[in-house]
Structure formats: structure tokens, C-alpha cells
Amino acid sequence: MASATVRIRPETHERLRQLAEQRDVPMQDVLDAAVERLWRESLLAALNEDYEALRADPGRWREELEERALWDAASGSDTE
């Protein structure tokens, strides 16, 4: 596995060490999980912003709903 060196503050290193000890896992695993969680949160925040922009435009939102209805009908999952 490739690795890289990243500088972190001493306080962050101590928190990372404590979390790893509490979970009985390597610090790398804790760091990997933290980065994955932050990445997912960022992705979902961006997606929410995109949907807010879409919903703010009535014409585009209507098109979205119409397309969803077509997909639901095509997949047999029409719940209306």
C-alpha cells in the first residue's frame, strides 16, 4: 500500500491516538474513516445545494418531476 506523509498539529495527533486506542484500531484506520465521512458530508452538501437550485426554478423542477414519473412508470415502481 502506498503511503504519504502529512503534517498535523500535535493536538490533532493526540486526538487521533486516543481515538485509535479507544477503538483498538490503527491510527490510519481512524484517519481513513474521518476523511471518508468528511468526503461523504461534502458530497451530500453539494448535492443538496444542486437540488435547492433545481427546486428554485419551477420549470426545471417540473421537468425533473416529469422525468422521475417516467422512470417510475418504466421501472414499475410508480407509487401513486
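The largest pocket has a volume of about 280 Å³. The model is a predicted one, in which local features need pLDDT of at least 70 and side-chain atom pairs count only at pLDDT 80 or more, while totals for chains, interfaces and linings use all residues. Residues are numbered from 1 along each chain as its sequence is written, and side-chain values use heavy atoms, with hydrogens and water left out.

Rolling a probe the size of a water molecule over the atoms shows where empty space is left. A pocket is an open set of points on a 1 Å grid over the protein atoms alone, where a 1.4 Å probe fits, with protein on both sides within 12 Å along at least five of seven lines; lining residues have an atom within 4 Å of a point. The volume is the space filled by probe spheres set on the points, which are joined across faces, edges and corners.

The lining of the largest pocket is made up of 13 residues, and Ala-4, Thr-5, Val-6, Gln-28 and Leu-31 lie nearest the centre. Helices H1 (10-23) and H2 (27-56) each supply at least two residues of this lining, and H2 gives the most, with 4 residues. Sorted by class, the lining holds 8 nonpolar, 4 polar and 1 charged residues. In this scheme Ala, Val, Leu, Ile, Met, Phe, Trp, Tyr, Cys and Pro count as nonpolar, Asp, Glu, Lys and Arg as charged, and the others, Gly among them, as polar.

Turning to the whole fold, the protein chain contains 3 helices and 0 strands, in the pattern α-α-α along the sequence. Helices (H or I, at least four residues) and strands (E, at least two) are DSSP runs, numbered from the N terminus. The C-alpha trace spans about 55 × 30 × 25 Å along its principal axes. A compact globule of 80 residues would have a radius of gyration near 12 Å, whereas the protein chain has 22 Å; the radius is taken over C-alpha atoms, and the globule rule is 2.2 Å times the number of residues to the power 0.38. Of the 80 residues, 8% count as buried, where buried means under 20% relative accessible area, exposed over 50% and partly exposed in between (1.4 Å probe, protein chains only).

The helices can now be followed in order. Ile-8 sits in the segment before H1 and is partly exposed, with a relative accessible area of 42%. Ile-8 and Glu-67 are 59 residues apart in sequence and 47 Å apart in space, C-alpha to C-alpha. H1 has 14 residues and reaches 20 Å from its first C-alpha to its last, close to the 20 Å expected at 1.5 Å a residue; the expected span is 1.5 Å times one less than the number of residues.

Most residues other than glycine have a negative phi. Asp-24, in the loop between H1 and H2, has a positive phi near 55 degrees, and this residue is exposed, at 72% relative accessible area. Within H2 lies Leu-38, also exposed, at 53% relative accessibility.

Helix H3 (residues 58-75) has 18 residues and reaches 26 Å, close to the 26 Å expected. The N-terminal end of H3 is capped by Asp-57, with a side-chain oxygen 3.1 Å from the backbone nitrogen of Gly-59. Just after H3, Gly-76 takes a positive phi of about 80 degrees.

How values were computed. Polar contact = N/O pair within 3.5 Å; in protein donor to acceptor, adjacent residues only side chain to side chain.
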